[in-house]
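Below is a short briefing on one structural model. The points are grouped by topic.

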Amino acid sequence: MLAKILIPLDGSQSAEEALPIAVQLAEAYASKLILFHGIESNAPAKIHGERHLQSRAEAEVYLDTCKAFLLQYAASDRFEIAVHIHESAIDDIGRGIIDHISELEPDLIVMCSHGKKGIRKTMLGSLPLQILKMGKIPVLLVQPSALELKLEFSRPIRTLLLPLDSASRHDNALITASNLAQHLTAELTLLTVVPTVSTQKSIHSHSSLHMPLSTRMSLEMESAEIARHLSEHRALIHNEFQNPISVHTLVARGDIVRQIQATAASLQACLIVVGTHRKIGMEAFWDDSIAFRLALATTLPLLLIPV
Amino acid sequence: MAATENDKKLQNQAQDILEGNSKKGFFARLLPFMGPAFIASVAYVDPGNFATNIESGAKFGYVLLWVILASNLMAMLIQTMSAKLGIATGSNLAEHCRLRFPRWFVFILWLLMEVVAMATDLAEFLGAAVGFNLLLGIPLGLAAVLTAATTFIILALERYGFRSLEAVITGFVSVIAISYIIELAIGRPDWSQVWVHTIIPQFKGSESVMLAVGILGATVMPHAIYLHSALMQDRIGVRDPVLLKKLFHFEIIDVVVAMGIASMVNGAMLIMSAATFNSRGMVQVGTLEQAYITLEPLLGKAASWVFALSLLFSGLSSASVGTMAGQVIMQGFMNFEIPVWLRRIITMVPSIVIIILGVDPTKALVFSQVLLSFGLPFAIIPLLVFTSDKALMGNLVNRRSTKILGILVAGIIVVLNIYLIIRVFQPVTG
């Protein structure tokens, strides 16, 4: 499933935070890790106070150093590491990465979200999300550490959380998440969040206001039905995979993003896997995209699977 | 107590009532639901109701009280039927039309219902604009700009789940609703006239017919028919017929109690307008700008700003209803969606044009409700067709009596609309 994993690096420590999890995945799938850098035209020496590569020579030294570092610290030699530097200078780094997707054919891009902050990030989406939108392949978004940066190779991925919606619009993420759980020997929790009367949005906020009693009951009925539906998913997963995967199911009530975060915290989840329609920025805002809100809110690694 | 624990408690109480397990008296049994039902009822009272009630009372006294009663009874039937369609099938009314009617007819229905959604939005927008105008003393044009900005902010905040804003808004509108009801006690209307005109249908010329049609549109609300049918939309399907029937019974409680309270509030508004304006011969002053006078017996000098605030919040709180109805209508009929912010902009245009042209806001509001009434048969007739289909509805199919009542309601609305057209054009053709 993950034959090739692409990791764009710009020389900053923030970007390097994508490496530990990429290495774990590469070990699990015997993947080829591609350390990528695109030389930006008129690249500054620093961006957001961090080093930024400016020339091909600098990039070569840097990526070779990264490669050596990874080979030294990785737990096994099951995977391969390649280095790729885009020859000519590019203005739009996001576009540059996208253009390489058809050439390098990665199955996954792992990136640390850094750069845009605050309102710009909300309105435009971070670079990884822009790449997700344009590239249409899964992106694993790693959030920058608030504390002193460390490459934590010792923390294996043992718990995956997969939020699913009640209308089954994002169920294709189930296959990916199950596959990951098997390869990583991780526990997988399937979670669906059913809103309460006060947290319903969009057209359902009307029914919350005008028909409070029947809305409450319909949400309770939905919770019960979803519990059964998730059990069916669990049974399907058990039938599909020869090596047993530990799968749990959970129905939570409340605001969807907050409940996903709360569940992830209580389970001590290492990775959240979520299906997405690749909406970012203002489009995602007006459509109330859960994946986008989660990408802005969570501090956990987030694997975004295009549906 | 957590939100869902509260929900379970309320449901258990409802369950006891439905199964006849409760030992309490009728009103005591209803008490747990009065809170949510009151909030729902306030949501049913929007600027369209304000305008039609105030103008009807001022111009015709108590004559059109029977219309309020009849409209609310009709609305109870139609709205419960609409939600029943959603409960039984998991699809909304517009989707059923698209799946079952010829394409050309679906296209016409869609266009008509888009006009209805715009008319709904017009009423809410104008109401809020007049509210700003009264409260801040600013020109109506500037009030319109402020309304546009505020509705956008509310639409955006709803994305963040700012439902507490809704509670604040509802609270303000509740003040006026309670005030009108209290005023019935202290305002001393002519109760003999009130009872007579509540029961005996009567018109007094073509303008009273138009106002009656406006009250009908403001109460039965074609856009709400489409929205109510979307109750189970995007939800996982529940097929247990016993559970669905229970859900339907809960929904009847919701609609009947909320609309019952709403009818009392609407009736009280008309009665106070009649007692304040019509009884003193002030038949031409029943506009929103002067409507605060109806609250002076209770609120004194505070009447003007309380009324203005309530009108403003009523308009703002309902602002999203037209937008949401439009989204459901477009998605259902055409299987297509536009961004909600774009819809908001489009539906604001007629309101802004009307204000720029200097059209009287109260008259425009009343006219928008008349438009809603003309849209009603195009919602009610398909609704009746689908809810009478046993294959579609299962054990929630209309009973014979419900079907007959539904046909009667549709018939009355069609006849009333045609009668209005005839009366309006009679001087031209006559």
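Predicted model: local features only at pLDDT ≥ 70, side-chain atom pairs only at ≥ 80, totals over all residues.

Residues are numbered from 1 along each chain as its sequence is written, chains are lettered from A and ligands numbered from 1 in the order in which they are written, and side-chain values use heavy atoms, with hydrogens and water left out.

**Chain A overall**

- Chain A has 12 helices and 12 strands, where helices (H or I, at least four residues) and strands (E, at least two) are DSSP runs numbered from the N terminus.
- Of its 307 residues, 59% count as buried.
- Among contacts in chain A with a separation of 6 or more, 78% are between residues 24 or more positions apart; contact means heavy atoms within 4.5 Å.

**Salt bridges**

- Over all chains, the structure holds 13 salt bridges, each being a side-chain nitrogen of Lys or Arg within 4 Å of a carboxyl oxygen of Asp or Glu.
- Lys133(A) forms a salt bridge with Glu283(A) at 3.3 Å, N to O.
- This pair links distant parts of the chain, with Lys133(A) in helix α6 (residues 127–135) of chain A and Glu283(A) in helix α11 of chain A, 150 residues apart.
- Glu283(A) is partly exposed, at a relative accessible area of 40%.
- Asp255(A) and Arg293(A) meet through their side chains in a salt bridge of 3.2 Å, N to O.
- That pair also links distant parts of the chain: Asp255(A) is in the loop between β10 (247–253) and α10 (256–267) of chain A, and Arg293(A) is in helix α12 (residues 290–297) of chain A, 38 residues apart.
- Asp255(A) is buried, with a relative accessible area of 9%.
- Arg56(A) and Glu60(A) make a salt bridge of 3.0 Å, N to O.
- Because Arg56(A) and Glu60(A) are four residues apart in helix α3 (residues 56–73) of chain A, about one helical turn separates them.
- Arg56(A) is partly exposed at 32% relative accessible area, and Glu60(A) is partly exposed at 33%.
- In chain B, a network of salt bridges links Glu55(B), Lys59(B), Glu207(B) and Lys363(B).

**Interface of chains A and B**

- In chain A, 39 residues are in contact with 47 residues of chain B.
- The area buried between the two chains is about 4,000 Å², with carbon and sulfur atoms giving 67% of it; buried area is the accessible area (1.4 Å probe) that two parts lose on being put together, summed over both.
- The side of chain A that touches chain B draws at least two residues from each of α8 (203–210), α9 (212–240) and α11 (281–286) of chain A.
- Its largest share, 14 residues, comes from α9(A).

**Helix α9 of chain B**

- Val194(B), His197(B) and Thr198(B) are the buried residues of helix α9 (residues 191–199) of chain B.
- These residues are on the same side of α9(B) because they cover an arc of only 105 degrees around the axis, the arc being that of the directions from the helix axis to the C-beta atoms.
- Trp195(B) and Ile199(B), on the other side of α9(B), are exposed.
- The cover over the buried residues of α9(B) includes α4 (65–89) and α12 (241–276) of chain B.

**Single residues in chain B**

- Asn266(B) lies in helix α12 of chain B and is buried, with a relative accessible area of 3%.
- Not counting residues up to four places away in sequence, Asn266(B) touches residues including Val45(B), Asn49(B) and Ile68(B).
- Thr287(B), in the loop between α12 and α13 (296–299) of chain B, is buried at 17% relative accessible area.
- Gly358(B), in the loop between α16 (340–356) and α17 (361–375) of chain B, is exposed at 58%.

Definitions and conventions: Buried < 20%, exposed > 50% of the residue type's maximum accessible area, 1.4 Å probe, protein only.
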